[in-house]
Amino acid sequence: MKVTGTVNIVSDMERAIRVMQEAGEWLAVSGKHPTKWWQPENLNKEFLLQYVKPDEFYVVLVDGVPAAAAALQFSQSSQDWKTIDGDTPKPALYIHWLCVSRAFAGKGMPSVFVKFAQELAAKRGAALLRVDTDADEVKLRTMYESMGFMLQKIQKESYRNSALYQRSI
């Protein structure tokens, strides 16, 4: 099922964090064992602003209701891509904390966000969209692959194996 209604995407830290908090709470109660990045107690301004600037938070509004959120960054502040880029980072837009409000689950919100991210990246001269996820999260990996992201590497980190994906603009 696709989303119906008026869709707007805006930079809005407050509403984006509320959607992220909802997603973190859902992960915790559904037994998904979220990493520190998705634990409800960490989805707040104090924690997130260590990694994301206020104007990098975006929210999808459907008829004015927050439906999805993410952080969109033009730097590698939350993930290390040096093993792929070497010492010359490629111009890319990094998508972090992509999540959907439960009321809008199954309505294509990730695709709406990725389309917006692609347009934003193109306006700023970035050639790539990049995402990372837990390598064990098959459903998320399949979702990214269905949107044209290609696996670049499985990278061992101290707390998980990360699947690094990118897609050309």
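## Fold at a glance

Helices (H or I, at least four residues) and strands (E, at least two) are taken here as DSSP runs, numbered from the N terminus. On that basis, the protein has five helices and seven strands. Reading from the N terminus, the order of elements is β-α-α-β-β-α-β-α-β-α-β-β.

## What kind of model this is

You are looking at a predicted model, in which local features need pLDDT of at least 70, side-chain atom pairs count only at pLDDT 80 or more, and totals for chains, interfaces and linings use all residues. Residues are numbered from 1 along each chain as its sequence is written, and side-chain values use heavy atoms, leaving out hydrogens and water.

The predictor's confidence in each residue, pLDDT, goes from 0 to 100. Its average over the protein is 92, and 98% of the residues score at least 70. Among the elements, strand β2 (residues 57–62) has the highest mean pLDDT, 98, while helix α3 (residues 82–85) has the lowest, 80.

## Overall dimensions

The radius of gyration, taken over C-alpha atoms, can be set against a globule rule of 2.2 Å times the number of residues to the power 0.38. For 169 residues a compact globule would come out near 15 Å, and the protein agrees because its own value is 15 Å. Along the principal axes, the C-alpha atoms fill a box of roughly 45 × 35 × 30 Å.

## Inside and outside

Residues are called buried under 20% relative accessible area, exposed over 50%, and partly exposed in between (1.4 Å probe, protein chains only). The accessible surface, from the Shrake-Rupley method with a 1.4 Å probe, comes to about 8700 Å², and carbon and sulfur atoms account for 51% of that.

Start with His96, which sits in strand β4 (residues 92–100). His96 counts as buried because its relative accessible area is 6%. Its C-alpha atom is separated by 19 Å from that of Ala28, 68 residues apart along the chain.

Then try Lys53, in the loop between α2 (45–48) and β2. Lys53 counts as exposed because its relative accessible area is 54%.
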